[in-house]
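Let's take a walk through this structure together, one piece at a time. Have the sequence and the 3D view open as you read.

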Amino acid sequence: MTVLTTPRAENISGHTPILMRVDGLSKRYGDQQALADVSFDVRRNEIVGLIGPNGAGKTTLLEAIAGLIPVDSGAVLWRHNALPFGRRRDSIFFLPDGLRPWQEQHVLHVLEFFAAVYHRPSLVLGNTIKLLGLSPVLRQRVAALSKGFCRRVMLALALLTPHPLLLMDEPFDGFDLRQTREMMDVLREAAAGGRTLVLAIHQLIDAERMCDRFVLLAGGRVRGTGTLDELRKRSGQIGAGLEDVFLALT
Amino acid sequence: MRSPETAASRRLQVWPLLAKELREIFNGRAFWTMLILLCPLVGYSFFPATTLYGDASAAARDSPAMASGLSPLDGVLVPTFGAFYVAVTLLFPFVAIRVLGREKETGALRLLVQLPYRTVTLIGAKMAAVAIALLIALIPALAALALWEMLGGHLAAPETINLIGGHLLYGLLVGAIALFSATISDSAATAAIIALAFTVSSWVLDFALAGQPGTLGMIARLSLTQTLRTFEQGLLSVGLLVGIAAAILSFSALAAIWLHPGMPVRSKLKRSFACAVAFAAVLAIATQLRASADLAEDARNSFPLADQRELATFNEPLVITVHLAPEDPRYADLRRNVLAKLERVMPRVTIRLASSGQTIVGSSTEESYGEVEYSYGGRSAKSRSTSHREVLPILYQLAGWPIPAPVVGAEYTGYPLVADARVTLPWLFAVLPLSILLSWWWVSRSPRIPMSLAQDGGST
């Protein structure tokens, strides 16, 4: 497994075609404005980090993009065409945070279910299991898994889908440092294989290490988008890390 | 616009989805607990029913008239399946709720609705799994029927299959209600409360309001329990079948409408309204369907064979005006013994209650109260009888036809059986529950890992 520790921003230029455009998404829960006119682009094959503090609206935004919650206004465009709510699942797969689905079922059955639904051959299933180190727990029930293994199973499910765009909410939550780096490599391999990733990450160090571009979100509003260098220039924090840039812009 | 891979994945197989739903049921405790509880419940119904049937049979040994009243449908089948009914009403909702409630609680629903299946397919697979679970839940009751046969008891296939079919339809209706409850609830516990509110309140409705006049009577007829009565009488009614099927489909459709968390509530309400209107329309049509088949071996829903043949040829309209309050027991007798049978056999029968607001208290002193007027072919006659033996000659007289001679050998002679049912107790209280426990263990064991998936170098 190749270990990459530097972002691939240099490979994603402004000429890379836009895969998805989020255009003016707004969502209100009663008096609370969860999302306010959120707009940004995602280019093909890039890894976009959705950055923000707790309550910034990251999960709501990902659910809105995936069509899992109704929005008050706004649209999602796929290669410049409107992507209606009912067809989001054709192109986008969202992996929510904190899931422990089908707890009474064995890990092997859950993985086989996704592989069968998406017509994945057993070779692909085997490689995914190998990539995520799941062989030791295949005979266990999902309910009996540790948090780390449960997260790996969830990542395996996402990787078994054929969707060109994966949205993941806190994909490294529950991993220690070594495991986080392993999983970063797995996701980078997925991106290198042609996937585009949008990751909601609250650990800014992880995000800086992993993502090509960032969407800074606070209070349901976009406070900045771009590569780390672009955000540094906008914030006037030349040479600063993502943490300082984030604090300066939000 | 779509990726080729996802477009390809639209050529879907439903089997993986159904297999997942079945695993969800069979890996949980609710189903197996219900199945194990069903054994003593069925045993507790079957044993006294068989014993009482034996006692009645012993008394009828020298009396053909008494023996003709001994029907295994009433004596053994209905009481035995009564236990199944109790389990389906009180326990099966928990099994059905599980196939969706757990997914809502654990967040798995958010993965499920992203799979390339339509919500109708998702709910269809869940209903199919619920139906399979229901079929398996029949095992204790079917085992009791097998024991009845081994004791020398008689089973008539049409009435037995009709009764089992009725219970399956009732179970599917309960399953569809439970699934809908799970769709609109945030937790399995809330869903269980909603589903039980449907089933138990319908039970209470049946007890409290059945036989009441007017609106109360109409409400009582909406009771789910009422759906079983017809099947328990050995009658297969097309209108009832259509009504139950429409109810099952409507609750399933509502579950599909409310399943997706991403659909705005306003859209869900609009679709639900359309679904309710369609259901009401089908129900209205179903109430007009009078086709039915008397599958009871003793033909209790029909007149004697000779009369059936004769009455079927009456082509002119028969108008019956009843001067009885609907809650009057005589009206119930007349309805069961004469009116319902006439409606089944004659093509054109109209039944009128002289006054829909009539009550026993207010009308019993009227001179005409209790009279039933029969009008056929421009002639009419009155009678106060509720027995077909007195009413049918009146009809033949009105039509100017002779009374037909009875068909020899067509009478039901009954199936008396004196048997010691104690030998069935170990089977229903020990062998069957133990077999179910063994099946639970076998189903729950860890899967074998194919060699191709067994190796990797991952760490935790």
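This is a predicted model: local features need pLDDT of at least 70, side-chain atom pairs count only at pLDDT 80 or more; totals for chains, interfaces and linings use all residues.

Start with chain A and its strand E1, residues 18–29. E1(A) runs antiparallel to strand E2 (residues 32–43) of chain A, and 8 bridges join the two. To find your place in that pairing, look for Val22(A), whose bridge partner in E2(A) is Phe40(A). The hairpin that E1(A) and E2(A) form has 2 residues between the strands, and Gly30(A) takes a positive phi near 60 degrees there. E1(A) also pairs with strand E4 (residues 73–78) of chain A, again in the antiparallel sense, over 5 bridges. Here Ser26(A) has Ser73(A) of E4(A) as its bridge partner.

Now move to where the chains touch. On the chain A side 48 residues are in contact with 37 residues of chain B. Several elements of chain A each supply at least two residues to that side, among them helix H3 (107–117), helix H4 (122–131) and helix H5 (147–160). By class, the chain A side has 25 nonpolar, 16 polar and 7 charged residues.

Zoom in on one helix pair here. Two packed helices are described by the angle between their axes and the distance between the axes. The axes of H3(A) and helix H2 (residues 15–26) of chain B come within 9 Å, crossing at roughly 160 degrees. Because of that angle, H3(A) counts as roughly antiparallel to H2(B). Their crossing is left-handed. H3(A) brings His109(A), Phe113(A), Ala116(A) and Val117(A) to the contact, while H2(B) brings Pro16(B), Lys20(B) and Arg23(B). That makes 4 nonpolar, 1 polar and 2 charged residues.

Chain B itself is divided into domain 1 (13–296 + 431–439) and domain 2 (305–399). Their C-alpha centres lie 35 Å apart.

Next, find the open sheet of 4 strands in chain B, with the order E4-E3-E5-E6 and mixed pairing. Strands E4 (349–353) and E6 (379–383) of chain B each have a single partner strand, so one side of each is left without a neighbour in the sheet. From one strand to the next, the twist averages 15 degrees. Strand E3 (residues 318–322) of chain B runs parallel to E4(B), joined by 5 bridges, and Val322(B) has Leu353(B) as its bridge partner in E4(B). Helix H17 (residues 329–345) of chain B packs on this sheet, touching E3, E4 and strand E5 (372–376) of chain B. Helix H19 (residues 388–399) of chain B lies across E5 and E6 of chain B, at about 165 degrees to E6(B).

How values were computed
Residues are numbered from 1 along each chain as its sequence is written. Chains are lettered from A and ligands numbered from 1 in the order in which they are written. Two strands pair if DSSP finds at least two bridges between them. Two residues are in contact if their C-beta atoms, placed from the backbone, lie within 7 Å. Ala, Val, Leu, Ile, Met, Phe, Trp, Tyr, Cys and Pro count as nonpolar, Asp, Glu, Lys and Arg as charged, and the others, Gly among them, as polar. Axes are lines fitted to C-alpha atoms, for helices over the stretch in contact, and angles run from 0 to 180 degrees between N-to-C directions. Angles under 35 degrees count as roughly parallel, over 145 as roughly antiparallel, 65 to 115 as roughly perpendicular and the rest as oblique. A crossing is left-handed if the near helix is turned anticlockwise from the far one by less than a right angle, and right-handed if clockwise. Domain bounds come from an automatic or database domain assignment.
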